[in-house]
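This report describes a protein structure in plain terms. Look through the sequence and the model first, then read on.

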2 protein chains.
Amino acid sequence: MLQICRNRSTDSRTMTAAGLEEYRKRFRTELDQVVDFWLKYSHDKEYGGFFNCLGKDGKVYDELKYVWLQGRQVWMYSRLYRTMERYHRPEILEAAKIGGAFLQKFARVQTSSGPWKCAFCLTRDGQAVKVQRTIFSECFYVMAMDELSRITHDKEMQADAESMMGQLVHWVRIDSSGLGRPQLPGDQPVNSMAVPMMLLCLVDQLTEGRTEVAEKYKELSEWCVEQILQHIQRDGKAILENVTFDGKELPGCQGRVQNPGHALEAGWFLLQYAHAKGDAQLQKTAVDKFIEVPFHTGWDKQHGGLFYFLDVDGHCPTQLEWNMKLWWPHCEALIACLMAYSYTREPMLMDRFKQIYDYTFSHFSDEEHGEWFGYLSRRGEVVLDFKGGPFKGFFHVPRCLYMCEKLLDGLLKGERS
Amino acid sequence: MLQICRNRSTDSRTMTAAGLEEYRKRFRTELDQVVDFWLKYSHDKEYGGFFNCLGKDGKVYDELKYVWLQGRQVWMYSRLYRTMERYHRPEILEAAKIGGAFLQKFARVQTSSGPWKCAFCLTRDGQAVKVQRTIFSECFYVMAMDELSRITHDKEMQADAESMMGQLVHWVRIDSSGLGRPQLPGDQPVNSMAVPMMLLCLVDQLTEGRTEVAEKYKELSEWCVEQILQHIQRDGKAILENVTFDGKELPGCQGRVQNPGHALEAGWFLLQYAHAKGDAQLQKTAVDKFIEVPFHTGWDKQHGGLFYFLDVDGHCPTQLEWNMKLWWPHCEALIACLMAYSYTREPMLMDRFKQIYDYTFSHFSDEEHGEWFGYLSRRGEVVLDFKGGPFKGFFHVPRCLYMCEKLLDGLLKGERS
């Protein structure tokens, strides 16, 4: 505090550094608390894998194991182990390996519609309960296996990840019939932003530090970026979740829906890609369209926080939860604004970051039991008080804390990266 | 007002009649307004069938046609035409027939998993968009076709309804593989209350005034009642939505979930059945367990209204909308309490009815544009302001108004039915 006062009166540049250091301290402390929470409460020592459904105090309230969340937890542990010194600990490695083994043993199921799919949900002992007709269980399987293989140096596991990636690309770009959705005449193809985003994220995962693999996926990543950019609509004033494959608007609610948190997540995926390619134009598009636009349309001027869904023409969305404030859009917004600031040093982006930071840490973080609440009412009251559930696991919160800490490391080193 | 004051001071019996008359007037006026709303805004004069997605002022905001809602609207028009003199009008008959023709022409789709299914959702011109792996589209098809055939005297249509009923019973009691859900080892069979409730409702529909058909479905209706009663759990202190087929609790959230509105709806289905059979014991069970219990557990003591979902052990439900107040549980509660009162004349049931009536009419009914809002926050603010959407059509509101008007007719006639 003393230091901040001194800095404030002498040197605004240094004051900023102290402010950044304060932020970093908070992200670091929160990350440690969140990792401790999941290490302590989520491990199933009997059957392997992780409990996903944890109450506000960490107690397991349902034993089902969700494959998205199993994969994400394996990925997160592995990434922390590989890239952060203080997490390079045997217990983190062990947790990642146990989760990976559970996934490899149980996630794949035989269905009548194709050679196999990954389940969406498993019983505690690994029996498949449900299979979705989408690609996402498989996506998180790929993320998990690739990141885990990087710390175990298991070549077979890496090959497993790449082979499943091939299957994913086949479903998305060649033939989706293996997903098991009936072909219906009124079910027109939709370019849903989640799909190219997810594939771009996987390409980033698989190609890090691997020139040959990067070459193999070069065209795919270009296709993903092109598909994502098609969601810029209404003369650049809106990001729409669903468009046609040639970038036209779709009719009805499906065509009008906006998901500000998802657009912000796409924003930082594009920023990363643009940074790696040195593509200044794409960086500008990412900031102007995928960060500024969803921030402006998505921020609740009355109660603060980001809405979950909005209709671009101002109709009421049909999703019952449209006006709720969810944790993950705020996680994505923090990463997006801080990354954009670190690449551009545009003060307005730091202002955005601060605004989201203030809302997020004062509303989601639970001082009593640790970890974050996930689901608030429009007014910001906690409506669902569990820490883990069917769609909330060890992923968005720690990924955000981890990435922001890394970005702040970079800023504090004075890197204009 | 003058009359009520006079009654109050002289004769409590007459005052009650005046009170009942006030209620009836309100139900009748609301029903007329609701019918007018859908007649005016929902008819697709170009392609037939009905628009389902109507904004607060009746404007169409999406052209998709949901088969559940198409079927329910056909049923409602037909039932009003058949049983209420003031709706025995050519335009109501015509609307029902046009909706029925649209359904017969477009609802059925061929899928790879079986001979056919009814779609869940159609484009404006009738092309299938989505097929659910459940029985409910088919259920509302049966309801629609049977009721419509009663006013058109179309024997083929009636046979169509009965034939689809046969298919439904086959899926539910013999072999569900035609529904298209993959058979998975962890996906244990669940006695979900919706299924026997829906079949009991259909038996009631198909057998009215038909002794032979009633005989045919006698065993089925007994089975449905038995299946519904298995949801009474925790020494009679809870109605659980999902149990095993031998009436045991299921593990996890699925096993603990309560849906008070659904239990109340089951309550009046059971009351009707018990009344027809003269089964006093079942009537008592319906009142004590399916009306009193969900009312006590489901009523929000802080803000009023019925919660949507609750966990019997007090965990937080995982449904994001758990604490919202939806229109349909309140519709079912009004019918259940008034029907129970009309069969038992138990004053406490009239108190319940009044309590729900006061909340419902002060929160859901829209004085400005007519019809009812469907989705309120826990505090009772309108959160989704449309009058029609993917799950809200011309059904729960008019059915409630219609049934309550009929029940009040009976009470005012002094029938101790």
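## Surface and overall form of chain A

Chain A has an accessible surface of about 16,800 Å², and carbon and sulfur atoms account for 50% of it. The model is predicted, and the values below are computed from it.

Along the principal axes, the C-alpha atoms of chain A fill a box of roughly 70 × 50 × 45 Å. Chain A contains 15 helices and 16 strands. Its radius of gyration is 21 Å, close to the 22 Å given by the globule rule for 417 residues, so chain A is as compact as a globular protein of that length. Of the 417 residues in chain A, 61% are buried. Among contacts in chain A between residues at least 6 apart in sequence, 65% join residues at least 24 apart.

## A sheet of three strands

Chain A includes an open sheet of three strands, in the order β3-β6-β7, with antiparallel pairing. Strands β3 (65-66) and β7 (128-130) of chain A are at the edges; each has a single partner strand, so one side of each has no neighbour in the sheet. Strand β6 of chain A covers residues 121-122, and two bridges join it to β3(A) in an antiparallel arrangement. Opposite Tyr66(A) stands Cys121(A), a residue of β6(A).

## Cysteines

How many disulfides does the structure hold over all chains? There are zero. A disulfide is a covalent bond between the sulfur atoms of two cysteines. Here a pair of sulfur atoms is counted as a disulfide within 2.5 Å.

| Cysteine | Nearest cysteine sulfur | Distance | Relative accessible area |
|---|---|---|---|
| Cys118(A) | Cys139(A) | 9.6 Å | 1% |
| Cys253(B) | Cys53(A) | 5.4 Å | 15% |

Cys118(A) is in no disulfide either, with the sulfur of Cys139(A) 9.6 Å away. Is Cys118(A) buried or exposed? Cys118(A) counts as buried, because its relative accessible area is 1% and the limit for buried is under 20%. Cys253(B), at 15%, is buried as well.

## The contact between the chains

The contact involves 36 residues of chain A and 35 residues of chain B. Between them the two chains bury about 3,000 Å², with 62% of this area on carbon and sulfur atoms. On the chain B side, Tyr61(B), Leu184(B) and Leu320(B) lose the most area to chain A, together 21% of what that side buries.

Note on methods: Residues are numbered from 1 along each chain as its sequence is written. Chains are lettered from A and ligands numbered from 1 in the order in which they are written. This is a predicted model: local features need pLDDT of at least 70, side-chain atom pairs count only at pLDDT 80 or more; totals for chains, interfaces and linings use all residues. Side-chain values use heavy atoms; hydrogens and water are left out. Buried means under 20% relative accessible area, exposed over 50%, partly exposed in between (1.4 Å probe, protein chains only). Two strands pair if DSSP finds at least two bridges between them. Helices (H or I, at least four residues) and strands (E, at least two) are DSSP runs, numbered from the N terminus. The radius of gyration is taken over C-alpha atoms; the globule rule is 2.2 Å times the number of residues to the power 0.38. Contact means heavy atoms within 4.5 Å. Accessible areas come from the Shrake-Rupley method with a 1.4 Å probe; for residues, only the protein chains shown count as cover. Buried area is the accessible area (1.4 Å probe) that two parts lose on being put together, summed over both.
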